[in-house]
Amino acid sequence: MQPITLIEGIVAPLDRANVDTDAIIPKQFLKSIKRSGFGPNLFDEWRYLDHGEPGQDCSARPLKPDFVLNQPRYRGAQILLTRDNFGCGSSREHAPWALADYGFRVLIGPSYADIFFNNCFKNGLLPIVLPAAQVDELFRACEATEGYRLVVDLPVQVIRRPDGAEIGFEVDAFRKECLVNGWDDIGLTLRHADEIRAFEARRRAEHPYYFA
């Protein structure tokens, strides 16, 4: 998992509340469990004029010009600004996979669905919760300024605006440590690789008949 420390990037404003996981990555794309390749189908039904299917070449598909991610000013965005209850609906882990594969590293919004919120941390995304008034202010600034950028400093837990103003945010200490170090569940387990190997060797020596 790619670590998150200091993220500076363009902000894309998705001005919709209650965005469910089927909108983030529609159900027909859930056949794969590779954790990669979902970026072209992020918000598929909102981004494209036609119906998308797995394995389809998206480069020639007709785009909906009014959708935020199709607008040139938000190309390459790494920070997604959201509204209330983002990630509601089914618990599919493909939703954070698709967001990360597209290129997002940070989400900023007033609230998230619980399972989606937890899945973000396990898949290298930082979901920041801010009061609705601060989120409203960021939406206004983003829409008023082309190429609006923010700096998200996870180690010190602040968002820096272009004018130098800072917005603090809270994050669970253990989840923060995992993101800063790039540890997913497998990475956390492998930190104890020596102890695991020692246990396996001892068990083989004490109970050889288990391995006959």
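Modeller: Start with the helices: helix 3 passes helix 4 in a right-handed crossing. This is a predicted model, where local features need pLDDT of at least 70, side-chain atom pairs count only at pLDDT 80 or more, and totals for chains, interfaces and linings use all residues. Residues are numbered from 1 along each chain as its sequence is written, and side-chain values use heavy atoms, with hydrogens and water left out.

Colleague: What makes helix 3 oblique to helix 4?

Modeller: Their axes come within 9 Å and cross at roughly 50°. Under 35 degrees is roughly parallel, over 145 roughly antiparallel, 65 to 115 roughly perpendicular, and the rest oblique. So helix 3 is oblique to helix 4.

Colleague: Why is Gln 157 called buried?

Modeller: Its relative accessible area is 18%. Buried means under 20%, exposed over 50%, and partly exposed in between (1.4 Å probe, protein chains only). Therefore Gln 157 counts as buried. Gln 157 lies in the loop between strand 5 (149-153) and strand 6 (158-160). It has a positive phi of about 60°, although it is not a glycine.

Colleague: Why is Asn 85 called partly exposed?

Modeller: Asn 85 has a relative accessible area of 28%, so it is partly exposed. Its place is the loop between strand 2 (79-81) and helix 3 (94-102). Asn 85 also has a positive phi of about 60° without being a glycine.

Colleague: What makes Phe 211 partly exposed?

Modeller: A relative accessible area of 36% makes Phe 211 partly exposed. Phe 211 is in the segment after helix 8 (193-206).

Notes. Helix = DSSP H or I, 4+ residues; strand = E, 2+ residues; numbered from the N terminus. Axes fitted to C-alpha atoms, helices over the stretch in contact; angles between N-to-C directions. Left-handed = near helix turned anticlockwise from the far one by under 90°.
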